[in-house]
Structure formats: structure tokens, C-alpha cells
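Biologist: I would like to learn how to read this kind of structure feature by feature. Could we take each general idea first, and then the case at hand?

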Amino acid sequence: MDWYRIGSRYKLILLLVIPSTLFVIIVTQIAKANALHFLRDTQNEALAGMAGQVVHLIGIYNNEITYNMLETEEIVKQEGGAGDRLYEAMHTVAKVRADFVRGVVYIGADGAITGYPSSFWGNFSDKEEALIHEQASRSRGVFEWSNTIRSDIGRSGAFGPTSIVTKSVYDDGGRLIGYLAFLVDLSAFLERSAAFAGSYETQTLLYDREDALIDYLGATDLASPPVLFSEEKVQTLSSALAYLDSRGVYHSVASMEANLGWKVVVVGDVEKLESRFEPLSQIAWAILLFGLAGFLCIHIAVSWWFTRPILLLTKGMRTVAKGKLDTKLAVVRRDEFGELANQFNRMTDTVRELISDLQRTEAAKRQSELQALLSQINPHFLYNTLNTIDMMVDFSTKSELHAMIHVLCRLLKYSLDGNEVRTLADELQYTKDYLYIQSVRYEHRFECRVAQAGDDLGRLRVLKLVLQPLVENAVFHGLHALEGRRGSLSVTADSADGVLLLTVADNGVGMTRERLDALRAALEREDGDTSEFGIGVRNVHRRIRLFYGSEYGIVIDSAEGEGTVMTIRLPAGTDARPALKEGTADG
């Protein structure tokens, strides 16, 4: 699209709308990005808070287990590691901590085992017993949690993740008397600790001190929790963090520095979190569209207010350029545009008045030039004619002299008629009379023929005295100097394509190419010197152009020794038809 061909109104709209649109888009996107960044930071902080809260609850429940083990240890010391009271104490602990403690066992120094429930501890394997001995000897009286083992006593099903918490028991004298152990269902332990975090949009992973996955907690209130990660990708903490980072999944890590050394990872449901941002995006788009619509309406209104007077002014100028000078601008405003419209209306009035004055001046000038040209032609012709009559007084008969004077009176009457336009028949008759006088003057040395127009062609109105100067020029310059052969001159009239053609042709001496070019150039010059060629031909040419227009006038063709043809082009009526009859000038 060519920018220079676009209207000013549309340019103004584009220049206003494009920057405004970019401004609204940039501001909206910046606001949206900042809001999304704030929400993401908020989500990350929330996940970090959840992870810290899970660690805090695990610490609390760890302390409770410690407290229960200390109570049970006191009863062991009192009962000597056996008796109903010890069994009842174990039963009480298992009931109080039924949410995650699945069993309690005491192994005496002599190898005797007392535990609850008896159905489980009766089948207590050498592997678990060896693990208890190992942990107790390593801990030296401190509570020790084993790494994850699989046991069918856990709530999560057969061979679910469990951990054995052990403590060595010493009597008051400091002698080792046995080992006390609690079996903790880690799935239930994690579920209890992260119950508030196990919502529909987060999942919690628990890793042991070796960074191995203990268990993970999904949604507790849905039948099918969302899949936030692939289980085989999170078996270790390092692989889980790399996997979550590569997927762009929100997550937060919290560690338990004391005692357990576990790590907790809370993972956010990206789709659920991002769905919270959808209203923000929709609001941002709504604000963007509303802002653009508002800006567009404002810009259209502004452009209409500023460009409508300009468009009206432009339209008015184009109308005036087509010649409709009566055009008025209907702009009723008190600002600069109103003043511009008023000045335009005044200008058209002034131009219309100036053109009217110019037309009157040009008409008067044309009439004055025509009268001046006629005043030049009439004395010139009269001088030549009187000169001829003067010669006839001495050499011609009385009847010839009377005929000559009669023809002269008819010619003077025609030329002194105030009408500028006469019929073609009258103009041809005038030419015929003039050639009669010239033929007498030159003693009938040349033959003259003037065509007689038919009725339709003869009624055409033509400018008066256009043929006589051309005929005079042909006689004086073409035939008078001819020697060795009889001269001939013919005047014909014809019409074609709405143009009347009057032709004056002679077989006289003709003109050289240089003289012909000079004569043609003199006809085209407004201020050309006519002294070399006389006033006749050029004055007729100027009269025709002044009266009819520049497309009409005289066309000259000549050849040295062969003669000259002068053709007058005048406008003809549409009903003019070539219907000519020839006659002689010897009347």
C-alpha cells in the first residue's frame, strides 16, 4: 500500500491507533507478567510452607513416639521385661497410636520376645530381630529409625513401607536388659503428617536419610489423584529434583536435620495452579480489547472532528477545479476550520467575480480587435478598387464604368454592414463581385471561377470578409506576376465532419519553401510582422481564431512555379452538404 495515497483521515487514525494499541498491549502484558510472577512466587511460597509444615508435624509425631517409648521403657524396667502390665502398656500404645504405630515389641537380653499384637510378633523373623539388635547397639540408648523395610502389617497393603524405631533399655545400674522397638507404618505416618497438604493440587514425597524414596502421598479426597510425576523418575531425591525441574513442575524441598534426616518434597499440580491464572489472562484480554475499542472510538471521533472539515474543503476544491465556482462549504464551526471554510467561500466568490470581469474584458477586447481589423481591411480594399476605377475612366466605355461602379457600391454596402456574420451565399457573391472588379482591372488576363453553394450549404452563417483578402492576395502575388501562360483562380466550398472548407486556389507563380515556411510562421505568431505579406491573409487568420477558436483558421500550401492553395477552416452546421454549382466572375 502506497502511504502517500492514503487519506489524511486514515493516516491520522493509523498514527493514533498503532501507538495506542502497542501501548495498551505492552502495559497489559507487563501487568499480566507481573501478576503471574507474583502468583507463581505465592505458589512457591505456599509449597515451601506446606513442606515446612509437613516436616514440623513429622517432628511432632516423632516426639510423641519417643514419649510413648519412654513410658513403655519405664514399665519394662518395673515389670522386668514380662507380665500382663507390659502387654497392656503395649496394647495401649498401639491403640493410642493406631493411625501409624502397627506394633510394639520388647526383646529381653535372654532373647525372650514380648509384643503386640501377638499374631505379628509371634512370627517375628530373625531379620527383624537382627535389625533391632543392630540399631540398638549402634544407637547406645538413643532412638534410632531404620531405613525403609517392607512389611505386610502396613496399612498400604502387603509389604508396604515401614520403619522400626528402636531403643536400648538399661536398668538403674546401667546394665543392658533388652531392646524396645515400635513398628511404624510410614505410609500412614506420612498421610497423618501431610494430611492438609494432600489436597487435589499437591502431592508429597518422603525420602529417607539415604535420599531414597520412602513413600508419596497423593490426593486424599479424590478416587484418582492427578499424575504429577512418573514414579520411576522419583526413586531418589536427586533424580526427582532433576525430573521436576526439567518438566517445569512447581515443587519445594524441606529437610529434617535432627534425628531422622528425612526430606520432604511437596509438588504442585501445574495444571491446577495454572488454571488459577486463567481468570487473570481472561481479565487481561478483556482489558486489552476494551482498551483498544475505547482508543479506536476516541481516535475515530477525533479524526472525524479534525479531518471532516478538511475532507469537505478538499471536496470543495475538486468541485471548483471542475469549473463549478458556485460551490459553498457548509461548515458551521467557530474554530480555525470554520474560518478556513469561510475564507474558501469568500475566495470562490472573488474568483467568480474576477472570471466574470475577465470574460467581459475579453469579449470587449475581441470586439475591439475585430473592429480594428475591419477598419484595416476596408480602406485597403477601397484604395485598390478606386485605383482601378480611375484607370477605367480613361480607357473603358461608359457602360463598363457604370457596371464597375454598381458592383463597387454593392461591395461597399456589404462591407459597411454592421453584422459580423453573413450567409455563405452572400460571402461567395461578394467574392464574385470583387473578382469582377479585379478582372476588369487586369484586363481579363486570368480566369476566375467562384463556386455557387447549394441551398443548404449557402444558408450556413460564416464570418464576413474572409474570402476577399485571400482572393486579393492570390491575384496580386500569384497571378499578376505570371508570364507565359494564362492565369486561373477558383473559389470552392465544401463540408466534411462538421467543418466548412473554403478553398482559394491559383496556378500562379507560387512560393519557395522558405517563403512558405515564413508565411506559416507569421500566421502562428500573435505579434508577427506582416509587412512582407500584407495585412490580408494574417488578419483573416486572426479574425477566424478570435471568433471561432484556435482549431480553425487558414492552411496554406504552395509550390514554386505551380501555384498556391489557401484553405479556410470554419465550423459548419450538421445539416451542411456539399452541393456546389460553378459560375464565372464575368457577370
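Modeller: Let us start with a cysteine: Cys409 has a relative accessible area of 46%, and is therefore partly exposed, since that class lies between the 20% limit for buried and the 50% limit for exposed. Please keep in mind throughout that this is a predicted model.

Biologist: Is Cys448 buried or exposed?

Modeller: Cys448 is buried, because its relative accessible area is 6%, and buried means under 20%.

Biologist: How many disulfides are counted?

Modeller: The general idea is a distance rule, in which two cysteine sulfur atoms must lie within 2.5 Å; by this rule the count is zero disulfides.

Biologist: How should I read a helix, and what distance separates the end C-alpha atoms of α4?

Modeller: An α-helix has 3.6 residues a turn, so residues three or four places apart point the same way. In helix α4, residues 126–139, the end C-alpha atoms are 20 Å apart, which agrees with the 20 Å that its 14 residues should span at 1.5 Å a residue.

Biologist: Which residues of α4 are buried?

Modeller: They are Glu129, Ile132, Gln135, Ala136 and Ser139. These residues lie on the same side of α4, because they cover an arc of only 130° around the axis. Asp126 and Lys127, on the other side of α4, are exposed. As for what the buried residues of α4 pack against, the partners are the strands β1 (101–108), β2 (113–116), β3, β5 (160–170) and β6 (176–185). After α4 comes Arg140, with a positive phi near 55°.

Biologist: Which residues of α14 are buried, for comparison?

Modeller: Helix α14, residues 536–548, has 13 residues and reaches 18 Å from its first C-alpha to its last, close to the 18 Å expected at 1.5 Å a residue. Its buried residues are Gly536, Val537, Arg538, Asn539, Val540, His541, Arg543, Ile544 and Tyr548. The residue that follows α14 is Gly549, whose phi is positive and near 125°.

Biologist: Where is Ser146 placed, and what does its side chain reach?

Modeller: Ser146 sits in the loop between β3 (144–145) and β4 (149–151), and its side chain reaches the backbone nitrogen of Ile164 at 2.9 Å. Ser146 is buried, because its relative accessible area of 7% is under the 20% limit. Beyond neighbours within four places in sequence, Ser146 is in contact with Leu131, Gln135, Ser163 and Ile164.

Biologist: Which residues does Thr72 contact, and which does Thr114?

Modeller: Thr72, in helix α1 (residues 8–79), is buried at 1% relative accessibility and is in contact with Leu86, Val93, Leu180 and Phe182. The C-alpha atoms of Thr72 and Val93 are separated by 8.2 Å, although these residues are 21 residues apart along the chain. Thr114, in strand β2, also counts as buried, at 18% relative accessibility, and its contacts are Gly81, Leu86, Met90, Val104, Val105 and Tyr106. Between the C-alpha atoms of Thr114 and Gly83, 31 residues apart along the chain, the separation is 9.0 Å.

Terms used: Residues are numbered from 1 along each chain as its sequence is written. This is a predicted model: local features need pLDDT of at least 70, side-chain atom pairs count only at pLDDT 80 or more; totals for chains, interfaces and linings use all residues. Side-chain values use heavy atoms; hydrogens and water are left out. Helices (H or I, at least four residues) and strands (E, at least two) are DSSP runs, numbered from the N terminus. Buried means under 20% relative accessible area, exposed over 50%, partly exposed in between (1.4 Å probe, protein chains only). A polar contact is a pair of N or O atoms within 3.5 Å; within protein, one must be able to donate a hydrogen and the other to accept it, and residues adjacent in sequence count only if both atoms are side-chain atoms. Contact means heavy atoms within 4.5 Å. The expected span of a helix is 1.5 Å times one less than its number of residues. The arc is that of the directions from the helix axis to the C-beta atoms.
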